[in-house]
Amino acid sequence: MTQTPAPATTDVPPTETSARRALRLGVAGPVGTGKSSLIALVCRHLADELSLAVITNDIYTDEDARFLRSAGVLPAERIRAVETGACPHTAIRDDITMNLLAVEDLERDFAPVDVVLVESGGDNLTATFSPGLVDAQVFVLDVAGGGDVARKGGPGIARADLLVINKTDLGPHVDVDTMVADATAARDGGPVLALSRTDPTSVEALCAWVRRMHQQHVAGTHTPVDPGPMAPHVHAHDEPHAPVALVEDDGTVPDKQIGRWKDDGGAIGAPTS
Ligand SMILES: Nc1nc2c(ncn2[C@@H]2O[C@H](COP(=O)(O)OP(=O)(O)OP(=O)(O)O)[C@@H](O)[C@H]2O)c(=O)[nH]1
């Protein structure tokens with residue numbers, strides 16, 4: 001009796017869609033470090049050679065998308081906003097659905113797209129993108145944040161594909177060289193770029209890095225790396241009526257904890273059970 005061979009489960013040629021998938025490049029970092037400005041630089045300098053699109057994340061507005069559209073760095077329809085309605089890291093790490101759909105829409109609407117830049121909402125030092133959403137990520141600090149910031153570490157600083165120390169034109173007020181040296185030490189040799197939009201050499205170095213990432217993506221030689229999650233934490237509003245209690249070993253409630261509970265009626269007091 002002849003047997004029909006089982007269908008091969010490996011060596012499946014890429015589908016047209018996956019073959020055309022853009023490099024998805026995340027840009028994260030604390031509020032105001034220059035994420036939108038960096039994306040504007042990349043678009044301004046590379047739009048003639050690469051097909052680009054942008055997703056911005058804001059909590060309640062589409063402000064970053066409007067900034068980029070008004071800067072005229074790309075056709076307006078290639079820049080789309082995701083309003084996360086929650087902590088910025090939620091939409092880039094915990095539940096990436098909204099962003100993933102937005103990226104796929106752009107890839108389909110403007111196929112073929114070479115690079116989709118995804119800007120995170122401004123967050124703290126620990127926010128990173130899920131490797132399920134982006135292929136590579138840039139973490140942006142600025143010299144205005146102070147020389148100590150790079151030393152403080154965190155997954156983005158230590159393990160993002162590229163760490164940018166931005167606004168080096170403000171350097172006279174901060175020791176930029178020390179900041180870059182600290183950052184390089186924190187990254188175990190990973191690339192660090194000192195950037196200013198007023199320094200063409202640094203802007204070209206940024207563009208060269210993006211080009212290289214895109215080439216590696218197309219060649220299939222780049223493997224997305226997860227910089228690691230942010231520290232575990234809870235949001236107080238997640239469970240407004242059942243906060244995590246501090247209770248001593250003997251079962252008593254410390255004085256400082258009483259008053260942090262509110263029952264359904266709004267009265268303040270310790271829980272009854
Ligand atoms: N001096 C200087 N200022 C810069 C540079 N890049 C950006 N800025 C300024 O930094 C401020 C913040 O820039 P944005 O690009 O809006 O920063 P962001 O990280 O996108 O901000 P959020 O989206 O609010 O987190 C703006 O006033 C920019 O003009 C730079 O290279 N040098």
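In which sense do S6 and strand S7 (residues 192-194) pair, and over how many bridges? S6 and S7 pair in the parallel sense, over three bridges; strands count as paired if DSSP finds at least two bridges between them.

## Model and conventions

This is a predicted model, in which local features need pLDDT of at least 70 and side-chain atom pairs count only at pLDDT 80 or more, while totals for chains, interfaces and linings use all residues. Residues are numbered from 1 along each chain as its sequence is written.

The chain has eight helices and seven strands. These are DSSP runs, numbered from the N terminus: helices are H or I with at least four residues, and strands are E with at least two. Of the 273 residues in the chain, 37% are buried. A residue is buried if 20 or more other C-beta atoms lie within 10 Å of its own, exposed if 12 or fewer, and partly exposed in between, with C-beta atoms placed from the backbone. Among contacts between residues at least 6 apart in sequence, 72% join residues at least 24 apart. A contact means that the two C-beta atoms, placed from the backbone, lie within 7 Å.

Five of the five residues of strand S6 (residues 162-166) are buried, so S6 is largely enclosed by the rest of the structure. Leu162, Val164 and Asn166 point one way from the strand, and Leu163 and Ile165 point the other way.

Strand S5 (residues 136-142) runs parallel to S6 and is joined to S6 by five bridges. One of the pairs is valine 138 with leucine 162 of S6. Towards S7, isoleucine 165 stands opposite alanine 194.

## Helix H3

Helix H3 (residues 63-71) has Asp64, Ala65, Leu68 and Arg69 buried. Seen down the axis of H3, these buried residues fall within an arc of 135 degrees, so they line one face of the helix; the arc is taken over the directions from the helix axis to the C-beta atoms. In an α-helix there are 3.6 residues a turn, so residues three or four places apart point the same way. The cover over the buried residues of H3 includes helix H2 (35-46) and strands S2 (52-58), S3 (79-83) and S4 (115-119).

H3 is followed by glycine 72, with a positive phi near 70 degrees. Tyrosine 60 and glutamate 83 are 23 residues apart in sequence, yet their C-alpha atoms are 5.6 Å apart in space.

## Ligand shell and annotated site

The ligand is surrounded by 15 residues, the closest being Gly34, Lys35, Ser36, Ser37 and Gly122; a residue counts as near if its C-beta atom, placed from the backbone, lies within 6 Å. H2 supplies the largest share of this shell, three residues. By class, the shell has two nonpolar, eight polar and five charged residues.

In an unreviewed entry, the UniProt annotation "binding site" covers Gly29, Pro30, Val31, Gly32, Thr33, Gly34, Lys35 and Ser36; such annotations may be inferred rather than shown by experiment. Valine 31 lies in the loop between strand S1 (23-28) and H2 and counts as exposed, with 11 C-beta neighbours inside 10 Å. Serine 36 is found in helix H2 and is buried, with 21 other C-beta atoms within 10 Å. Leaving out residues up to four places away in sequence, serine 36 touches Asp64, Phe67, Leu68 and Glu119.

Key. Ala, Val, Leu, Ile, Met, Phe, Trp, Tyr, Cys and Pro count as nonpolar, Asp, Glu, Lys and Arg as charged, and the others, Gly among them, as polar.
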